[in-house]
Amino acid sequence: MAESGQNVDKQSEGSSASDSINKQGWLSKRSRLSKRWDNRWCCLKKNELSYGITAEDQHKVVTLEGCEMSDCSIDKKQFAFRIKPRGGKRVYFFCADSERDQQEWMQAICFAKASGNMGDGSQACTVQ
């Protein structure tokens with residue numbers, strides 16, 4: 001499933017899930033206030049998506065447990081997707097550089113979301 005050059009790291013049996021990075025890389029993120037799109041380094045660990053200006057500065061976190069996620073059309077961005085955390089009013093908009101990157105991120109987020117709800121079949125999702 002994973003191809004060389006892909007940013008998805010498989011968790012080894014002996015490692016802690018909280019230390020395992022599922023996916024990381026650059027995505028554009030839409031600012032909530034200015035509505036401007038800026039590149040952000042994103043890191044998917046367990047069931048959280050952290051992001052920041054650099055790989056070393058990721059102080060913002062989106063909790064994925066119970067979130068709603070879908071691709072979307074916003075600001076003429078071709079490969080955008082949205083994440084709405086459970087119980088929250090805020091919607092986060094991200095955009096990948098290609099359709100393949102978009103699908104890889106959405107699939108990785110889908111798996112991370114499901115991993116935070118072990119045994120809860122309602123968390124299953126399909127990426128089209």
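How many residues does helix H1 have, and how far does it reach from its first C-alpha to its last? Helix H1 (residues 99–115) has 17 residues and reaches 24 Å between those two atoms, close to the 24 Å expected at 1.5 Å a residue. The expected span is 1.5 Å times one less than the number of residues in the helix.

The model is predicted: local features need pLDDT of at least 70 and side-chain atom pairs count only at pLDDT 80 or more, while totals for chains, interfaces and linings use all residues. Residues are numbered from 1 along each chain as its sequence is written, and side-chain values use heavy atoms, with hydrogens and water left out.

View 1. The elements run β-β-β-β-β-β-β-α from the N terminus on. Helices (H or I, at least four residues) and strands (E, at least two) are DSSP runs, numbered from the N terminus. Of the 128 residues, 37% are buried, where buried means under 20% relative accessible area, exposed over 50%, and partly exposed in between (1.4 Å probe, protein chains only). The protein exposes about 7900 Å², of which carbon and sulfur atoms supply 45%; the areas come from the Shrake-Rupley method with a 1.4 Å probe, and for residues only the protein chains shown count as cover.

**View 2. The open sheet of seven strands, in the order S4-S3-S2-S1-S7-S6-S5.** Pairing in the sheet is antiparallel, and two strands count as paired if DSSP finds at least two bridges between them. Strand S4 (60–63) and S5 stand at the edges with a single partner strand each, so one side of each is left without a neighbour in the sheet. The twist averages 40° from one strand to the next. S1 and strand S7 (residues 92–95) run antiparallel and are joined by two bridges; Ser28 stands opposite Cys95 in S7.

**View 3. Helix H1 against the sheet.** H1 touches S1, S2, S3, S5 and S6, and its direction makes about 10° with that of S6. Axes are lines fitted to C-alpha atoms, for helices over the stretch in contact, and angles run from 0 to 180 degrees between N-to-C directions. Contact means heavy atoms within 4.5 Å. The buried residues of H1 include Trp105, Met106, Ile109 and Cys110. They belong to the set that packs against strand S1 (21–30), strand S2 (37–45), strand S3 (48–52), S5 and S6.

**View 4. The hairpin of S5 and S6.** Strand S5 (residues 68–74) and strand S6 (residues 77–84) pair in the antiparallel sense over six bridges. Ile74 stands opposite Lys77 in S6. Two residues lie between the strands, and Asp75 takes a positive phi near 50°.

View 5. Asp71 is partly exposed, at 46% relative accessibility. Leaving aside neighbours within four places in sequence, Asp71 is in contact with Ala80, Phe81, Gln102 and Met106. The C-alpha atoms of Asp71 and Cys95 are 9.3 Å apart, with the two residues 24 apart along the chain.

**View 6. Cysteines in a structure with zero disulfides.** A disulfide is taken as a pair of cysteine sulfur atoms within 2.5 Å. The closest cysteine sulfur to that of Cys43 is in Cys42, 8.9 Å away, which is too far for a bond. Cys43 is buried at a relative accessible area of 4%, and Cys67 is buried at 2% relative accessibility.
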